[in-house]
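Please examine the sequence and the three-dimensional structure shown below.

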Amino acid sequence: MGKIILLFWVSMIAVTASGQAGFELSGQVVDENNQPLPGAAVVLHSTEKGAVTNLEGGYSIKGLTAGIYSIEISFMGYKPHTDTIQISKDEIYNAQLAVALIGLEEVVINDNYSEQRKREEPLSREIINDTYLKQHLGGSLMKSLERLPGVSTIDIGSGQSKPLIRGLGFNRVVVVENGIKHEGQQWGADHGLEIDQYAVNHLEVIKGPASLRYGSDAIGGVIDVKQYALPLEYTVKGEVDLVGKTNNNLLGTSLFIAARKKSLFASFRATLLDYGDYKVPTDSVDIYSYRAPLYEHHLRNTAGREHDLHGAVGYVGPTFQTTFLVSNVNSKSGFFANAHGLEPRNVDADLYDRSSRDILYPFQQVNHFKVINKSRWQWDQVELSADLGVQRNFRQEWSQYTSHGYMPAVFPDAMDFAADLERQFDKYIYSGNIRADYRDDSRTSFTAGISSDYQDNQIDGRGFIIPAYRQLNIGSYFIAKHAFSKKSLLQLGLRYDYGHMATQSYSDWFSSPVDGADAEPVYLQRAAAINRYFSNFSWSLGYNYNLEQLSLKANVGKSFRMPIAKELAANGINYHHFSYEVGDPALSPEISYQLDLGVEYQRAKYAIGATPFFNYFPNYIYLNPTSEYDRLYGNGNQIYYYAESKVLRYGGEIHAHYQITAPLQLGLIGEYVYSEQLSGDKKGFTLPFSPPASLLFNIKYQKNKIRFIEHPYLSVDWRLASSQQNIVPPENPTDAYQVINLALGGNVRLYKQPVNVSLQVQNLLNQKYFNHTSYYRLINVPEAGRNLILNISVPFSGNIKRE
């Protein structure tokens, strides 16, 4: 594989060296009165090439190869202009921009290019940018996305969360960062994503099976994160963000700077966050049979801190572009002290309540290091791209040593790990993706690619739940698109995946007695070595039909997911749930069949749409609670076995928007998911973490300017969630709730310096309610109380002297 990649790189460099100088695109941008618009941004999306118009509204983009491009022209206060153009010689393209009213689809900050992408893709998707994230800033990137239809989260405190798309999460949702699949320890419900949300430039949320392009684990959907945007030639730009939150007294900052000469560019970002225990609107929580009092409403030991660094350097030429990206995300956060490993009544409350900002046992410390190279070659009708990545995810969980089962009362000095190191996971990931795009004319295009990754995950510490393992995934795919007309688009795809999972055997570090009075204690084997191979064909067929005001789409396909090491070989205590989990080495790969539909109707003042889906799993893998209890490693924890079941799922999302007046609009978002197990021990039950049906009503007021405030806005969200009575043991029913969130902000100038201010008030009425998909729902911890979030962004820019 290494020789193939090396040969690929050498051949591509040779092709690049022989490339031509390219064609030039030039023109003028004017307003509704045919007056020049200096400072308008002109971008060719498929190339990352662009220009800024001069005082006469003129622009020029050189070094273009023959082909078809999507051009976008934007200027503050005007509607973005998007078109598709064909370049076969030097071309002149002029554009007239119209004054912008407020976009109807307020839920997602979007533009014409985003709308075009959504109309051309058969799967439902949302496309958002960094402006949306700052206006709806949560404790983590996934929490900031929770407002999107069909997206929910499993929250672990105030700074960690995992995504759910239409009720599916964990290893059924893929997170991609700059073209490389983000790999951590996502199998754990208490493990969040190691991604700096301030570094996100824009992202796409794909709802539905996306295994065709993204491979195994994308059976439920994809969150595709892009963390950089190419600066314009001979410019420098940057931004300083300051953030504060009242609920957990968070203070943070993020600094970004980027610069580009003609062909060389570089960027740097640093983010620092520090927060205390978060507060809930109750003075106690009921943890199973014990009521734990809370000091001043603080959920003790949920404080944390995060330090992130990012850097990028690159080259862009007429036919070749390459970028090297390096990032390091480091966090330390506490676990709720009353719900981890110890009997809740044995927690030293006085110790934990002395300070709301210290991080005591138990806590987790995670460092995620990542290096990515993105390269692209483009000429004539062909584009080749290659993404290479190396990641290291290093996670440690620390807690005070406590003897469970037959563990020695005093920790032995001879052990090669610390007594208080509960678990350690050290994972290296090597990834490579190669893709070729070919368009023979304006109607037909073909995409072919190969994606692969190799994972090496080692373990340490006194606790065991999954063994060390090595895993190989490799897949190839082919996608064809044909436009019968500008209105009608057909897409067909096929993919083949091959996977290998090899787990290592594991035995206890302490001895346990066995049956027989004279028998010597033995070191019990917890996991035998497993060597499994998997392969599968996936397919997808999609169709889009777009009229001027009506858009229809349909997609049907088959997806695939390899069982993960935890599902195959787990054999240990989950100290967060007080459960004992056991894998099944004979599990089959998970298969899913799904039909996705979409309809949207738009007029000048309103829009309405729906995206229903129907989903069937012949063998959904789930953790099944039993009536058995563990007697060797704890105080009788309930045993859960991984099992398979036939599962039927259906549901969807709706959205509607109405423009009452130019500055005032109403919005509605609704979502519903139904799941039922059709076989197995839990036949008739739903799946864990199934989100309840919900509606979100929004009213937003926005103008271009009010006195000295530019683009001021005021937005109110009223979310109504139904009760969730459709549960699976050991879940409890969750009552209905309603919560109100407020957001306002705008741009001001301080001594000619632009400043963006965003203020949110989350849970405005300090409502006590429970989120059914929250990690802490099982121990009756309500959602966070009222939280004021202030984010101040100070952008800066300048020009670099031309050589």
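**Aromatic rings and their neighbours**

The count comes to 22 aromatic pairs, where rings of Phe, Tyr and Trp (its six-membered ring) pair if their centres lie within 6.5 Å; planes under 30 degrees apart count as stacked, over 60 as edge-to-face and the rest as tilted. The pair Y438 and F446 is stacked, because the ring centres are 6.4 Å apart and the planes meet at 20 degrees. This is a predicted model, in which local features need pLDDT of at least 70 and side-chain atom pairs count only at pLDDT 80 or more, while totals for chains, interfaces and linings use all residues. Residues are numbered from 1 along each chain as its sequence is written, and side-chain values use heavy atoms, with hydrogens and water left out.

Y438 is partly exposed, because its relative accessibility is 35%; the term covers values between buried (under 20% relative accessible area) and exposed (over 50%), with a 1.4 Å probe and protein chains only. F446 also counts as partly exposed, at 28%.

One aromatic cluster is formed by Y401, F411, F417, W509 and F510.

Charged side chains also lie over rings. A charge sits over a ring if NZ of Lys or CZ of Arg is within 6 Å of the ring centre and within 35 degrees of the ring normal. K332 lies over the face of F363, 4.4 Å from the ring centre, and R777 lies over the face of F770, at 4.8 Å.

The protein chain averages a pLDDT (the predictor's confidence in each residue, from 0 to 100) of 88, and 92% of the residues score at least 70.
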